[in-house]
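This briefing covers the packing of helices against one another. Please look at the sequence and the model first.

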Amino acid sequence: MLSALESEFENHCRAFLEAQGAADVAHDVSHIYRVVRVAKKLSLDEGANMAVVIPAAWLHDCVSLPKNHPDRHLASTLAADKAIVFLHSIKYPADYFPAIHHAIRAHSFSANVPLESLEAEIVQDADRLDALGAIGIARCMQVSGTLNRTLYSLDDPFCEGREPEDAQYSIDHFYNKLFRIADSLNTVSAQAEGKRRESVMRDFLAQLALEI
């Protein structure tokens, strides 16, 4: 179904998302486009059902709360609920709704929902890969600016002798969260790409060390 009507379906999704707005600059429509592109590739590599993966990837952040919002852990559930209402409105086949809802709800770090399908694994992997590599560095700095984080600790920029404090320092977020992502990815295809992107980030830190 999706392959024949993919262009029309994705136009519906674009219009819907543009009407929602973004919680922050790191979770704008360009983030969605990247997640969709990676999710499609992972689906081909892993043999997943694109009729589930593509809608879930498009709609995974249709409700997105700022990183410091007290209800952040509920965002993916709210997004899953809202996505199903939207899909119903455009007459998407209802047989896929439970799997799409689960994939959206389970993609989030903070929700901590156990993954129950390959399609959910892929949506989570695609979203997490967007926190790595060159784009991951850029997004980290975007969010850090919004949260008024200092770039690095003058005394110990790279957390060599202290615990990371990523509420205070941007670079600490690499050590507290971002460098853990590659090992947390679910699919073989995503794990390989995650390691490649992580190496880009470590090269960035090596260059930063020379400059400061």
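At what angle do helix α2 (residues 29–46) and helix α6 (residues 118–129) pack, and how many Å apart are their axes? The angle is about 135 degrees, and the axes lie 8 Å apart. This is a predicted model, in which local features need pLDDT of at least 70, side-chain atom pairs count only at pLDDT 80 or more, and totals for chains, interfaces and linings use all residues. Residues are numbered from 1 along each chain as its sequence is written, and side-chain values use heavy atoms, with hydrogens and water left out.

**α2 and α6**

- α2 is therefore oblique to α6 (angles under 35 degrees count as roughly parallel, over 145 as roughly antiparallel, 65 to 115 as roughly perpendicular and the rest as oblique).
- The crossing of α2 and α6 is right-handed.
- On α2, the contact (heavy atoms within 4.5 Å) is made by H31, V35, V38, A39, L42, S43 and E46.
- On α6, the contact residues are L118, I122, D125, A126, D127 and L129.
- The residues of this contact of α2 with α6 divide into 8 nonpolar, 2 polar and 3 charged.

**α7 and α8**

- Helix α7 (residues 133–146) packs with helix α8 (residues 172–184) at about 120 degrees, with the axes 12 Å apart.
- α7 and α8 are therefore oblique to each other, and their crossing is right-handed.
- I137, C140 and M141 of α7 make the contact with H173, F174 and L178 of α8.
- The residues of the contact of α7 with α8 comprise 5 nonpolar, 1 polar and no charged.

Methods:
Axes are lines fitted to C-alpha atoms, for helices over the stretch in contact, and angles run from 0 to 180 degrees between N-to-C directions. Helices (H or I, at least four residues) and strands (E, at least two) are DSSP runs, numbered from the N terminus. A crossing is left-handed if the near helix is turned anticlockwise from the far one by less than a right angle, and right-handed if clockwise. Ala, Val, Leu, Ile, Met, Phe, Trp, Tyr, Cys and Pro count as nonpolar, Asp, Glu, Lys and Arg as charged, and the others, Gly among them, as polar.
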